[in-house]
Amino acid sequence: MAGQIRKLLDTIIEKRSKGNPTIALTTKTKLIFKGFDADNFNAGSPDDPAAIEKIKAIAVDLGVRL
Amino acid sequence: MPIRVAYSANALPEALWDLTVKAGDCNPRVILFFASSKYDPAEVSRAMQAAFPEACVAGCTTAGEIADGKMLRDSISTIFLDDEIVGQTASALVEGLSSQVSVGGAFSKMERQLGAPVSSLDIEKYVGIVLADGLSGAEESLMEKIGDRTDLLFVGGSAGDDLKFAQTHVMLNGHAFTDAAVLLLLEVKNGFDIIKTQSFGTFGKTLVATKVDEPRRLVEEFDHQPALAAYARALGTPPTEAPSYFMKHPLGLMIEKDPYVRSPQRVQGEGIVFYCQIKQGMKLEVLEGTDIVAHTRSAIEARKASGKPISGIIDFQCILRALQLREEGRCDQYGAIFAGIPTVGFSTYGEAYLGHINQTSTMLVFQ
């Protein structure tokens, strides 16, 4: 199954921002600083297990339940 | 006036007399000061707090100061914020940056001071200020931990020491610290904005960091090639000449077409050490320097054109920008951008806004 990375990143942004566009942008920026730019992934991006584990850990750090 | 700025180049204690006189009848709730490393940091911090015992007093050492439209050296610049500008205030210290960054204790302390969890604070009404030891090498981790903890915006800079690169200090409530960061949370009654401005365009080349040593801020390879050679190739110059391009051609982490600058510092072997971390896999634009004065003026004019008032500005400006302005003989032109606006700031060893960045001015604008 592909596309999981983008889906996870979008979920983090959505849940952290709760519809606030300012927080959505700052969350996206924070993820980029952590090494994950959502725009670099799409529904066809392969699911890299190591990257997925890192993103799950980032979600914990950001207080987001995936 | 709810905001006053002042500076003095005198030695202590005369400098404090100068600042006290210039504070006038201002009854500050918060004072931020930026002091040349020529002053004993413990002494200046103690003296500032003693002169204004009722205020929250925080500051740091610098690589130059900004006040009253002037770019200064060997002085203390200060901003006084009274209770027309600032409501609730909280402050805390994060210590031991170089061993492991932990902000939980500092945030808990600030929450006790505010009587509310930080998560409950309105991001439009509260802003954070961060002053970090500029030689800790830990600013990235600090900003990351802060950003994990809260959506409140923190802006600030890394303390300097007049380009000696020996020891920098942050100061809070009469004391001075190394290997630490000062965090402030301010309720800004009339609102605020943050301006991040850096004077670069894109050069049309990108580099992907494929092998890095993050804690050392070292990129060993771009695009699976030795980093120095790859950087040089992007600029069309021999690797031996590449260091002369560092200042004008840093790299940019592009976020919504806005560069967050990563400045090359020095060559190490076949790699390049930067002034901030680059993560494995980061795609970076090669940037090209433009006119600092014109760009900054444009940013301030755009803010003025918004129609919102400007009561004062704190300018956390990269020392690399200050050095370029000094070299170009344009410090007066830069200062003139802020004519009529109470402005204070300092030349930093790095700027803070969502992360740790370089060759940028991050400004806190009080409405």
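Trainee: In which sense do strand E4 and strand E23 of chain B pair, and over how many bridges?

Mentor: Strand E4 (residues 65–67) and strand E23 (residues 343–348) of chain B pair in the antiparallel sense over three bridges. Pairing requires at least two DSSP bridges between two strands; strands (E, at least two residues) are DSSP runs numbered from the N terminus. This is a predicted model, in which local features need pLDDT of at least 70 and side-chain atom pairs 80 or more, while totals for chains, interfaces and linings use all residues. Residues are numbered from 1 along each chain as its sequence is written, with chains lettered from A and ligands numbered from 1 in the order written.

Trainee: And which residue is the bridge partner of Ile66(B)?

Mentor: Ile66(B) has Gly345(B), in E23(B), as its bridge partner.

Trainee: Which strands form the open sheet?

Mentor: Six strands of chain B form it, in the order E5-E4-E23-E22-E26-E13, with mixed pairing. E5 (70–72) and E13 (192–197) of chain B each have a single partner strand, so one side of each lacks a neighbour in the sheet.

Trainee: Changing topic: which residues touch the most other members of the largest nonpolar core?

Mentor: Leu131(B), Val170(B), Ala181(B) and Leu364(B) do, among 134 residues. Such a core joins buried Ala, Val, Leu, Ile, Met, Phe, Trp, Tyr and Cys residues through C-beta atoms within 7 Å; buried means that 20 or more other C-beta atoms, placed from the backbone, lie within 10 Å of a residue's own. Strand E12 (residues 180–188) of chain B gives the largest share, eight residues.

Trainee: Why does this core lie between domain 1 and domain 2 of chain B?

Mentor: Domain 1 (3–196 + 295–366) and domain 2 (200–289) of chain B both give residues to this core, so it lies between them. The bounds come from an automatic or database domain assignment.

Conventions
A residue is buried if 20 or more other C-beta atoms lie within 10 Å of its own, exposed if 12 or fewer, and partly exposed in between; C-beta atoms are placed from the backbone. Helices (H or I, at least four residues) and strands (E, at least two) are DSSP runs, numbered from the N terminus.
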